[in-house]
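Here is a friendly walk through the packing in this model. Have the structure open as you read.

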Amino acid sequence: MKFKLKNLAFHAGKPVALLPAKTANELNIHIEDRVLITVSGKAIIAVTDLAKNFLKGNEVSLSKETLSFLGVKAGASVDIKAAPTPESIAFILKKLRGKSLSKEEIRSIVQDIVENALLDAEIAYFVSAVYKQGMNFHELVSLTQAMCDTGSRLRWRSHAI
C-alpha cells in the first residue's frame, strides 16, 4: 500500500514505521510487526508502532534511522507491506533445541540481524541459545565468517613511523 511520508522527527535507535492505528488494523498489521518499506529501489525492514490521532489513513512517519537509510523526505510516497517471517527463526529454534547449525543457517541469522529482519526478542533467543547450548568449532568459524562478510569493516591507514 502507498503511504505519504509525514516527518515527525523521532529517533528510535532502529528502523521504525509509525502507522495510523485504523489503517494498520485494516491491513492486519500490529505493534512490533515487521513491514517492508520500499522507495526508489531501496528497501528496509522496520518494526511498527501505531498512532491514533496525528496520522491520517494514508500517512506514515518513519524513524530518523529509516529516513536516513532510504534517503527520503516528508511528502515522499513509500510502499509498505507486511514483511514475511524470516526463515532464520527456524534456525534459532533449532539451536535452542541443542542442534548444531550449518554455515548457511548461521549466515542467514547474521544476515537477518544486519538487515533488521529479526526483532530484539528473536535476537535475544539466539544469544540465549548460544549461551545455553554453546557452539562447536565449525559454528564459531561460520559465525565469525558471517560477521566479517555482512558487517562494516574498519580500514586502518598505514602510517610510516
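## How the helices cross

The crossing of α3 over α5 is left-handed, a label used when the near helix is turned anticlockwise from the far one by less than a right angle, with clockwise giving right-handed. Helices (H or I, at least four residues) and strands (E, at least two) are DSSP runs, numbered from the N terminus.

The model is predicted: local features need pLDDT of at least 70, side-chain atom pairs count only at pLDDT 80 or more, and totals for chains, interfaces and linings use all residues. Residues are numbered from 1 along each chain as its sequence is written, and side-chain values use heavy atoms, with hydrogens and water left out.

On the α3 side, I89, I92, K95 and L96 meet E122, Y125, F126, A129 and Q133 of α5; contact means heavy atoms within 4.5 Å.

## Around α4

Buried residues (under 20% relative accessible area; exposed is over 50%, partly exposed in between; 1.4 Å probe, protein chains only) in α4 are E105, I106, S108, I109, V110 and D112. Their cover includes α3 (88-96), α5 (120-133) and α6 (137-150). Just after α4, N116 has a positive phi of about 60 degrees.

## The nonpolar cores

A nonpolar core is a set of buried Ala, Val, Leu, Ile, Met, Phe, Trp, Tyr and Cys residues joined through side-chain atoms within 4.5 Å. The largest has 18 residues, and I37, V60, L62 and I80 touch the most other members. Strand β3 contributes the most, with 3 residues.

Apart from this lies another core of 12 residues, including I92, L101, I106 and L118.
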